[in-house]
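Here's a quick briefing to read with the model open in your viewer. Take a look at the chains first, then come back for the notes.

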Amino acid sequence: MMIISHLDLVRTLAWIPFLQPAGAMGSYWWLLMFPLVLGISIAYRATHDHSLDRFWHRVILFAVKSTVAMGSLALAMYLFVYWVIPALRVG
Amino acid sequence: MAHDSDQLDEPLHWRAAVLGWICPGMGQIMIGHRRRGIFAMIGILGLFLGGLLIGGVDSVDRRDDPLWFYAQAGAGPIAFAADWANLGLLKSGKVGELVESPPSNPREAPPLVSTFKTVTVANEIGILYCALAGLMNVVVILDALKRPIATRIDQERSRR
């Protein structure tokens, strides 16, 4: 669960939207990737689908697929860097 | 494919493309694909305004981040307006204060930067949001350029 600290709360209250960057996300910045993928999915599906029937269903499906694909790539990179490379014999 | 050859015969809608750059999604609306245009507008403007909300207007900076700005400029005049706001409000010191920052070259005078400028990850994500909005708008503009003008059936379907 995300716990907003006292300092984060003060920062949020003093925040001027559109002028100051939103700093209260702290170490949860990666959650901002989900709305990013959603926005891209909306624009992509609006132009690439022949029919707009069940538009939002397709948008959500595309966003989930993209997120899972990126997550899988990140996991593969993690395993490669932290498990495969150390296991390689040097020399 | 018959559909592809139909699209090849279709003339290019230059006015729709220009309108799509001025206001994302308006190109599709102009050629009769109202619903499609509104969805594209929601996606592009949502991304761009989301980027400004996360990173502040400093996310769009023509002078300090020119390569990112080339991508962001695809979103249209809104990118130039954000850059103008960055220059006029933050970099001029009208909002926040200007403080000296460590110079990249010790022989030069320390540059003045706004206290609202940040080097945190929020700024990087804001830049990324705005850049992807611009790049996706290029896709939307190309779609408006090539998409056949909506038939009456398309327009009725679009109103639903």
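Predicted model: local features only at pLDDT ≥ 70, side-chain atom pairs only at ≥ 80, totals over all residues.

**Around Asp61(B)**

- You'll find Asp61(B) in the loop between α4 and α5 (66–72) of chain B.
- Its side chain reaches the backbone nitrogen of Asp64(B) at 3.1 Å.
- Beyond the neighbours within four places in sequence, Asp61(B) is in contact with Pro66(B), Phe69(B), Gln72(B), Asp83(B), Asn86(B) and Lys91(B).
- Asp61(B) and Ala82(B) sit 21 residues apart in sequence, and their C-alpha atoms are 8.2 Å apart in space.

**Salt bridges in chain B**

- As a general point, side chains of opposite charge can pair when their charged atoms come close.
- Arg63(B) and Asp83(B) pair up through their side chains in a salt bridge, at 3.5 Å from N to O.
- Arg63(B) is in the loop between α4 and α5 of chain B while Asp83(B) is in helix α6 of chain B, so this pair ties together parts that are 20 residues apart in sequence.
- Asp143(B) and Arg147(B) meet in a salt bridge between their side chains, at 2.8 Å from N to O, and both residues are buried.

**Salt bridges in chain A, and the total**

- Over in chain A, salt bridges that share partners join Arg45(A), Asp49(A) and Arg58(A) into one network.
- Over all chains, the count comes to seven salt bridges.

- The size of an interface is often given as the accessible area lost when the parts come together.
- For chain B and chain A, the buried area is about 2600 Å², with 75% of it on carbon and sulfur atoms.
- The elements that give two or more residues to chain B's side are α4 (34–55), α6 (77–91) and α7 (121–146) of chain B.
- The largest share of that side comes from α4(B), with 13 residues.
- By class, chain B's side has 23 nonpolar, six polar and four charged residues.
- In all, 33 residues from chain B and 27 residues from chain A take part in the contact.
- How many salt bridges run between chain B and chain A? The count is zero.
- Polar contacts are a separate tally: nine residue pairs between chain B and chain A, both at pLDDT 80 or more.

**Chain A overall**

- Chain A has three helices and zero strands, giving the pattern α-α-α along the sequence.
- Of its 91 residues, 22% count as buried.
- The accessible surface of chain A comes to about 6700 Å², and 74% of that belongs to carbon and sulfur atoms.
- Among contacts in chain A between residues at least 6 apart in sequence, 25% join residues at least 24 apart.

Note on methods:
Residues numbered from 1 in each chain as written. Chains lettered and ligands numbered in written order. Heavy atoms only, no water. Contact = heavy atoms within 4.5 Å. Buried area = accessible area lost by both parts, 1.4 Å probe. Salt bridge = Lys/Arg side-chain N within 4 Å of Asp/Glu carboxyl O. Polar contact = N/O pair within 3.5 Å; in protein donor to acceptor, adjacent residues only side chain to side chain. Helix = DSSP H or I, 4+ residues; strand = E, 2+ residues; numbered from the N terminus. Nonpolar A, V, L, I, M, F, W, Y, C, P; charged D, E, K, R; others polar. Buried < 20%, exposed > 50% of the residue type's maximum accessible area, 1.4 Å probe, protein only. Areas by Shrake-Rupley, 256 points an atom, 1.4 Å probe, with all protein chains shown as cover.
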